[in-house]
Amino acid sequence: MQYTKQIDRTIKTEVLVIGGGAAGFGAAVASARNGADTLLIEREQMLGGMATMGLVGPFMTCYNDEPTEQIVKGIFDELCVRAEKRGGAIHPSKVGGMTTYSSYYVRSHCHVTPFSSEILAIVMEEMVQEAGARILYNVQVCDVITKDGKITGVLAAMKEGLTLIQADTYIDCTGDADVAYYAGEGFVKGDEKDGVMQPVTLFFEVGNIDRDKFVGTLEEKKENGELGIPGENCWSWYIKEARKNGDWTIERNEVGNYEQPTKGRWKINTTRMAYVDATNTEELSKAVMEGRQQVQQVLSFLRKYVPGCENIELIQVASSLGVRETRHIQGRYKLTAQDILDRKHFDDAICTFAYAIDIHNSEGGGATFKQVNNYYTIPFRCLVPEHIKNLLVAGRCISGTSEAAASYRVIPCCIATGQAAGTAAAIALKEKVDAGDVDAGKLREVLVSQGAVIKD
């Protein structure tokens with residue numbers, strides 16, 4: 001079928017950021033602060049993406065692997081500070097490892113950032129608007145129009161009808177590289193070997209836990225050295241029993257329970273749906289429904305087996321599925337796990353990171369976890385598509401292997417790559433060059449002057 005329609009409504013801006021998650025937030029703030037007329041569009045009615053609608057938290061570590069130094073700052077750190085002042089976060093500098101805030105994990109979970117998703121959404125909106133960027137919610141990208149290797153417009157469905165949004169530079173922060181995909185850019189979906197993507201998770205929040213009993217049991221295990229070792233973490237011993245009794249069928253061997261700064265509230269990261277292609281509508285729909293069923297199973301398990309959870313109450317279930325991996329764009333450089341482990345030097349590095357290579361297994365209930373060598377950097381070329389000249393990509397869908405993405409997919413790094421993309425877009429406008437062709441040295445200078453940490 002061929003469908004033709006006259007588009008009568010057009011919106012113009014200098015920089016268009018598509019997707020209001022962590023990366024889009026960072027990109028919009030950076031672009032506007034550096035002088036570009038910036039529009040941020042989001043298909044839902046809230047900024048923050050996984051951190052807010054997905055209830056994914058806490059922020060994973062923004063420190064090096066030692067951990068002795070905070071290496072993700074800039075816009076990310078400002079967000080943490082402002083959320084803490086509103087009573088909606090605890091700054092990562094105040095959070096050690098092996099605590100209730102990190103679900104008693106040892107490595108790569110020291111200096112996490114507990115936060116309230118509701119407060120975070122408000123602070124993000126304030127920061128974007130204060131920077132001078134505009135926000136439009138309820139905007140769903142339908143297609144991308146290209147000519148001679150450049151995007152000439154993004155077609156979006158809005159309440160007013162189909163609308164063409166045109167910009168000088170576009171930043172794809174959709175998480176799934178939707179804009180790059182619609183524009184015809186190359187990509188790899190999931191693992192290059194077999195296309196399998198990491199499992200998805202539906203987060204939820206609970207309350208009415210008897211904290212003394214709940215934490216007391218975990219602290220006793222911690223004192224005896226029975227927590228934080230491979231195969232033994234929060235409530236894994238009860239899960240083994242429940243599995244034998246037929247009360248646990250989830251492909252997960254532990255309960256990720258993260259205390260929040262709001263008294264009495266905990267985020268639960270436990271449900272697991274494997275072999276889901278989150279770029280497929282039918283599979284997404286099936287996964288989120290299965291996730292809701294698993295939430296009920298976890299609640300029943302907690303009430304029956306875990307001390308202090310006898311009267312646990314469900315506060316809310318995430319309105320958005322937690323997706324770890326879909327498309328990885330074909331960029332000017334593909335970051336590999338070996339680059340990360342070797343701490344390869346990049347002259348065009350735009351951020352520093354140190355979260356472990358954390359691959360959730362589709363079968364067997366566990367995860368493959370590799371520590372990094374203190375820290376690593378990400379080159380600007382990973383944000384630059386190989387073929388589309390006026391497009392940048394930020395967040396988990398930048399150019400890298402599936403294994404490498406298992407590290408940089410988490411929220412602090414997404415904000416950092418977003419800040420780099422937004423800054424590059426603003427510089428490109430001033431220099432009258434394509435965004436991917438900005439001088440990397442100048443980009444690095446601006447980023448560092450605005451709080452980013454770029455280690456050599």
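Biologist: Where is R265 found?

Modeller: R265 sits in the loop between β11 (256-259) and β12 (266-269). Strands here are DSSP runs of E with at least two residues, helices are runs of H or I with at least four, and both are numbered from the N terminus. Before we go on: this is a predicted model, where local features need pLDDT of at least 70, side-chain atom pairs count only at pLDDT 80 or more, and totals for chains, interfaces and linings use all residues. Residues are numbered from 1 along each chain as its sequence is written, and side-chain values use heavy atoms, with hydrogens and water left out.

Biologist: What makes R265 buried or exposed?

Modeller: Buried means under 20% relative accessible area, exposed over 50%, and partly exposed in between (1.4 Å probe, protein chains only). R265 has 16%, so R265 counts as buried.

Biologist: And which residues does R265 touch?

Modeller: Contact means heavy atoms within 4.5 Å. Leaving aside residues up to four places away in sequence, R265 touches E118, E205, V206, Y258, E259, Q260, I315 and Q316.

Biologist: How many cavities do you count?

Modeller: One cavity of 30 Å³ or more. On a 1 Å grid over the protein atoms alone, a cavity is a set of points where a 1.4 Å probe fits but cannot get out. Points are joined across faces, edges and corners, and the volume is the space filled by probe spheres set on them. For the largest cavity that gives about 80 Å³.

Biologist: Which element supplies the largest share of its lining?

Modeller: Lining residues have an atom within 4 Å of a point. β15 gives the largest share, three residues, and β15 (349-353) and α10 (411-431) each supply at least two. The lining includes I350, C351, T352, A416 and Q419.

Biologist: How does the lining of the largest cavity divide by residue type?

Modeller: Eight nonpolar, three polar and one charged. Ala, Val, Leu, Ile, Met, Phe, Trp, Tyr, Cys and Pro count as nonpolar, Asp, Glu, Lys and Arg as charged, and the others, Gly among them, as polar.

Biologist: How do you know that strands β6 and β7 pair?

Modeller: Two strands pair if DSSP finds at least two bridges between them. Five bridges join β6 (residues 150-158) to β7 (residues 161-166), so by that rule they pair; they run antiparallel. In β7, L164 is the bridge partner of L155.

Biologist: What makes β1 and β5 edge strands?

Modeller: Four strands form an open sheet in the order β1-β7-β6-β5, with mixed pairing. β1 (10-12) and β5 (140-147) each have a single partner strand, so one side of each is left without a neighbour in the sheet.

Terms used. 1 Å grid on protein atoms, 1.4 Å probe; cavity = no way out; pocket = protein on both sides within 12 Å on 5 of 7 lines; lining within 4 Å.
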